[in-house]
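Please take a moment to look over the sequence and the fold before reading on. The paragraphs below are meant to be followed with both in view.

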Amino acid sequence: MPRPRAVLIAGASVAGPTLAHWLERFGMEPTVVERAPELRVGGQNVDVRGAGRIVAARTGVEEAVRAAGTGERGLAFVDARGAVQAEFPAASRADAGRAGDGPTAELEILRGDLAQILHDHTRDRVRYRFGDRITRLDDDGHRVRVGFERGHEEEFDLVIAADGLHSGTRAITLPQRRDVRFLGLCLAYFTIPREESDDDWWRWYAAGGGRTVTLRPDRHGTTRAMLSFLSLSPAAARLSPDAQRELLRAEFRGAGWEAERVLDGMDRAADFYFEAISQVRPPCYANGRVGLVGDAAWCASPISGMGTTLALLGAYVLAGSWHAATTTVRRSPLTNRSCGRTCGRPSGSRPAHRASPTPAATPACACSTPRRGGRPGWRDGCLPSAPGRSTCPSTSCHARPPADQAGGRAHGHDQLPAPSIRKPFLAMPLSC
Ligand SMILES: Cc1cc2nc3c(=O)[nH]c(=O)nc-3n(C[C@H](O)[C@H](O)[C@H](O)COP(=O)(O)OP(=O)(O)OC[C@H]3O[C@@H](n4cnc5c(N)ncnc54)[C@H](O)[C@@H]3O)c2cc1C
């Protein structure tokens, strides 16, 4: 399979910039088109858990995500008077990777802060185009001719929809599919002024009748409010924001606890956001040269607490799978996956090519001997580490990526393994 070079990604939230980061690292040229006129920084707490945490680390943003964390100490269920009935403390850093990732994840961040971190991390290497969207896709089997709302046309090798639950790009490439499944819950998020009584716990009040009111801390000196109620229909999501506010006032009038304060704050909130909670289950993840990732492909819904982790992980696996599929260098068990040279590690040390979840724990490159029978190759296991770095930082390795494998770019070198698709991922047909 020839290596795709020009890749168009729709959506600049979590999946889109993460995918762009990895494609650029693998020598491709991603462009991200975002419908909004500027980066959308709204939204509330999202969780980065388990494998998502590892992808964040490998992407180079874990510390920034940790530093921007909401500081939430855990989840507390309260009664109508505010008395705590049950508590679930946040998972500590020491618990990371263990089963104890509770309702408050170890990496808990506002969606907008995460999108901003990923954008800042990639903006110098990736072309972002705001205030535009895809309106037409003509895939001739070799390239995709894309029509944009602003009127121009451009060709790309691949197009990826990372444009969320109601992906317009998915609707173009998989038309007339009933992909979105409503889960019977409507939910509104917005920001209200913080009061002295607000603490650093996620306080959750079950108001009866399938209604909840929750308040969560943030690092911006405000409080994040959420109202949810059971509903037989997603139709409320199509109402105007004013009509949605009216509906919520009727639902939550006299509900108890802080409901009145939240309703007052809702009227003044600039970031009011209403959603009919749904999942996305398309029949496949790709149609020809157009694919899906993140919520556009497999939205698990905000109540899963997994949407952001799945977006990070999916982008990482997709980029790595392309890289592996388009890099045709023979693998031998003794070959260092990072740079293609035979591993001449010092005796007694751990193999340099073994996967390590934390970059800090990764040993320095130990390769020294050229691969038998040929020039050193740049292999499918290589995850280049720094833009512009031309050789392996190890003094014993001077490999450069061959131009045909790395798009002619100078690549860096580190010891982390490339992601690969394992069998469970293939339960869903990848292509229609
Ligand atoms: C404004 C907003 C607020 C959110 N708030 C929360 C929250 O509070 N809690 C929670 O759990 N999850 C929230 N989410 C969802 C959460 O971000 C995702 O579940 C998860 O992070 C997966 O991200 P994603 O990148 O796949 O999709 P999303 O985060 O949904 O991002 C999709 C991006 O694509 C853009 N877009 C949409 N249509 C097009 C188009 N046709 N062309 C180009 N771009 C397009 C959108 O503007 C958005 O930037 C929110 C999403 C958004 C967009």
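Predicted model: local features only at pLDDT ≥ 70, side-chain atom pairs only at ≥ 80, totals over all residues.

Residues are numbered from 1 along each chain as its sequence is written.

The protein has 10 helices and 18 strands, where helices (H or I, at least four residues) and strands (E, at least two) are DSSP runs numbered from the N terminus. Of its 432 residues, 45% count as buried; a residue is buried if 20 or more other C-beta atoms, placed from the backbone, lie within 10 Å of its own, exposed if 12 or fewer, and partly exposed in between. Among contacts with a separation of 6 or more, 70% join residues 24 or more positions apart, a contact being two residues whose C-beta atoms, placed from the backbone, lie within 7 Å.

In soluble globular proteins, nonpolar side chains tend to be buried together. A nonpolar core is a set of buried Ala, Val, Leu, Ile, Met, Phe, Trp, Tyr and Cys residues joined through C-beta atoms within 7 Å, and the largest one here has 62 residues, with Leu 19, Val 293 and Ala 315 making the most contacts inside it. Helix H9 gives the most to this core, with 10 residues. Not counting residues up to four places away in sequence, Ala 315 touches Ala 15, Thr 18, Leu 19, Trp 22, Val 293 and Gly 294. A second, separate core of 26 residues includes Cys 186, Leu 187, Leu 215 and Ala 255.

Helix H9 (residues 307-325) also meets helix H2 (residues 50-59): their axes come within 8 Å and cross at roughly 55 degrees, which makes H2 oblique to H9. Axes are lines fitted to C-alpha atoms, for helices over the stretch in contact, and angles run from 0 to 180 degrees between N-to-C directions; under 35 degrees counts as roughly parallel, over 145 as roughly antiparallel, 65 to 115 as roughly perpendicular and the rest as oblique.

Helix H1 (residues 15-25) and H4 pack at an angle of about 25 degrees, with their axes 9 Å apart, so H1 is roughly parallel to H4. Pro 17, Thr 18, Ala 20 and His 21 in H1 meet Leu 118, His 119, His 121 and Thr 122 in H4. Asp 120 also lies in H4, which spans residues 111-122, and counts as partly exposed because 13 C-beta neighbours lie inside 10 Å.
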